[in-house]
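Below is a short report on one protein model. Please look over the sequence and the structure first.

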Amino acid sequence: MASLNVGSLGEYIREQRRSAQYSLRQLAEVAGVSNPYLSQIERGLRKPSAEILQQIAKALRISAETLYVQAGILEERDGAGPGLRAAILDDPLINERQKQALLSVYEAFLKENQAARPSDPAPTPA
């Protein structure tokens, strides 16, 4: 497990909060954490638990995995998927509704492609 990088995690949460157009107080209320505690997380003074990160992620409408990666709790998985999801969620030029729409389309394409892929290829005749 990687070490918890609270400084950049706090900055990341602050950026996501501002992108979602939440005040510190509003996010704290929606996430179910105290305003001072959230402020300390954003300033890099506190190390939030995975449960608190999950509550914050839910309130910000981002994946908990994204925050876990930012916190150093999880390593980012290989492949374009997680990077693409993170890029969409991190983009400050689109709003939350647009982000969710893009992610929904992406997930639909993944499901469609997975359904089209044969699970066990038929043996070739000799």
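The report moves from the overall fold to one helix pair and then to single residues.

## Basis of the model

This is a predicted model, in which local features need pLDDT of at least 70, side-chain atom pairs count only at pLDDT 80 or more, and totals for chains, interfaces and linings use all residues. Residues are numbered from 1 along each chain as its sequence is written, and side-chain values use heavy atoms, with hydrogens and water left out.

## Overall fold

The protein has 7 helices and 0 strands. Its pattern along the sequence is α-α-α-α-α-α-α. Helices here are DSSP runs (H or I, at least four residues), strands likewise (E, at least two), numbered from the N terminus.

Of the 126 residues, 32% are buried. Buried means under 20% relative accessible area, exposed means over 50%, and partly exposed lies in between (1.4 Å probe, protein chains only). The protein exposes about 8,300 Å², and carbon and sulfur atoms supply 52% of that area. These areas come from the Shrake-Rupley method with a 1.4 Å probe; for residues, only the protein chains shown count as cover. Among contacts with a separation of 6 or more, 53% join residues 24 or more positions apart. A contact means heavy atoms within 4.5 Å.

## Where α2 meets α4

Helix α2 covers residues 24-31 and helix α4 covers residues 50-60. Their axes come within 8 Å and cross at roughly 115 degrees. The axes are lines fitted to C-alpha atoms, for helices over the stretch in contact, and angles run from 0 to 180 degrees between N-to-C directions. α2 and α4 are therefore roughly perpendicular to each other. That term covers 65 to 115 degrees; under 35 counts as roughly parallel, over 145 as roughly antiparallel, and the rest as oblique.

The crossing of α2 and α4 is right-handed, meaning that the near helix is turned clockwise from the far one by less than a right angle. On the α2 side, the contact uses L27, V30 and A31; on the α4 side, it uses Q55, I56, A59 and L60. By class, that makes 6 nonpolar, 1 polar and no charged residues. Ala, Val, Leu, Ile, Met, Phe, Trp, Tyr, Cys and Pro count as nonpolar, Asp, Glu, Lys and Arg as charged, and the others, Gly among them, as polar.

R17 lies in helix α1. At 9% relative accessibility, R17 counts as buried. Leaving out residues up to four places away in sequence, R17 touches Y22, S23, L24, L27, E42 and L60. R17 and A59 are 42 residues apart along the chain, yet their C-alpha atoms are separated by 9.2 Å.

K99 is found in helix α7, residues 96-116. K99 is buried too, with a relative accessible area of 0%. Beyond its neighbours within four places in sequence, K99 contacts Q16, S19, I88, L89, D91 and I94.

Q21 sits in the loop between α1 (6-19) and α2. Its phi is near 60 degrees, a positive value in a residue other than glycine. Q21 is exposed, at 71% relative accessibility. R61 lies in the loop between α4 and α5 (64-71). The phi of R61 is also near 60 degrees and positive, again in a residue other than glycine. R61 is exposed at 56% relative accessibility.

In α5, the buried residues include A64, T66, L67, Y68 and A71. Just after α5, G72 takes a positive phi of about 85 degrees.
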